[in-house]
Amino acid sequence: MIPVRESIYPRFPGGKTKVFTLSFDDGVEQDIRLVSIMKARGITGTFNLNSGLFREENAPYSHPLIRRLPQTELVDLFAGSDMEIAVHGMKHPNWTELPPETALLDIIEDRKNLERIFQKPIRGCAYPYGAYNETVVRQLQAAGIRYARTVRDTENFSFPENWLTWHPTCHFAHKKIEEFTEKFLNEKFDKNPAIFYIWGHSYELEALNNWNVMETLLNRIGRRTDIWYATNIAVYDYMKAFHRLNFSAETTFVKNPSAISVWIEKKGEILEIPAGETKELPE
Ligand SMILES: [Zn+2]
């Protein structure tokens with residue numbers, strides 16, 4: 001008799017089926033308030049900075065709303081925190097409007113600057129203006145960038161097919177954000193797991209005067225035992241580790257060659273496959 005082939009689903013740390021992540025751009029003063037709202041609710045995320053646009057210490061703001069932080073304040077805010085820092089173009093250029101080699105230089109310079117300042121490898125990106133094309137994607141790849149966020153809302157909880165064009169669920173001011181939130185919180189996602197990915201600019205919270213909306217939203221989503229709170233790069237690394245699992249042809253055992261534990265579900269059973277270990281699977 002041919003045995004039934006049981007599906008295998010990725011599960012997040014602890015066997016969870018849901019992950020929540022945030023992505024905010026431009027490195028502005030309002031990030032300070034946003035980070036404190038996030039931290040108080042156990043939420044982490046990714047901040048996309050322009051290393052050529054840090055404000056000079058004690059210099060006046062160049063824009064009344066988009067109040068860029070000086071380097072020292074960005075270091076105070078992010079260094080040693082759980083937040084991820086990612087590339088967003090030295091001076092916020094539109095990479096699709098530059099010669100490819102100029103775009104490549106800009107991406108690498110931005111990456112080098114941020115790595116020097118924050119002392120960790122920078123492997124993520126958000127497209128300035130959300131602008132990308134095939135050439136820009138190739139330059140990011142050449143620069144060692146692993147994922148890049150667009151501004152195209154999927155309005156769903158799916159994972160990207162191509163990490164270098166990672167479409168988020170929605171902007172925080174999306175008119176259906178409450179509907180998406182309730183759906184994310186109430187559905188079980190007992191087959192494929194779900195990602196709720198919200199993006200924006202913290203200065204928009206000031207412009208739209210909706211800090212309280214963000215607080216209410218994160219009150220709903222934060223500090224729940226069934227959600228994994230992760231930065232963009234942590235989601236990327238985790239899913240890559242899942243896809244690196246070496247299953248036997250009959251899926252009776254599996255080896256995890258990565259340096260992090262990976263959780264899976266087979267036949268309703270949640271299993272942790274510790275880093276470097278081989279584990280038997282239920283038949
Ligand atoms: Zn931007």
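What percentage of the 283 residues in the protein is made up of buried residues?

**Figure 1. Overall view of the predicted model and its buried residues.** Buried residues account for 37% of the 283 residues in the protein, a residue being buried if 20 or more other C-beta atoms, placed from the backbone, lie within 10 Å of its own. In this predicted model, local features need pLDDT of at least 70 and side-chain atom pairs count only at pLDDT 80 or more, whereas totals for chains, interfaces and linings use all residues. Residues are numbered from 1 along each chain as its sequence is written.

**Figure 2. Dimensions and secondary structure of the protein.** The C-alpha atoms fill a box of roughly 75 × 45 × 30 Å along the principal axes. The protein has 8 helices and 14 strands, which are DSSP runs numbered from the N terminus (helices: H or I, at least four residues; strands: E, at least two).

**Figure 3. The open sheet of strands E1, E12 and E13.** These 3 strands are arranged in the order E1-E12-E13 with antiparallel pairing, where two strands pair if DSSP finds at least two bridges between them. Strand E1 (8–11) and strand E13 (269–273) stand at the edges with a single partner strand each, so one side of each is left without a neighbour in the sheet. From one strand to the next, the twist averages 30 degrees, with axes taken as lines fitted to C-alpha atoms and angles running from 0 to 180 degrees between N-to-C directions.

**Figure 4. Close-up of the pairing between E12 and E13.** Strand E12 (residues 262–266) pairs with E13 in the antiparallel sense over 5 bridges, and tryptophan 263 has glutamate 272 in E13 as its bridge partner.

How values were computed
Buried ≥ 20, exposed ≤ 12 C-beta atoms within 10 Å, placed from the backbone.
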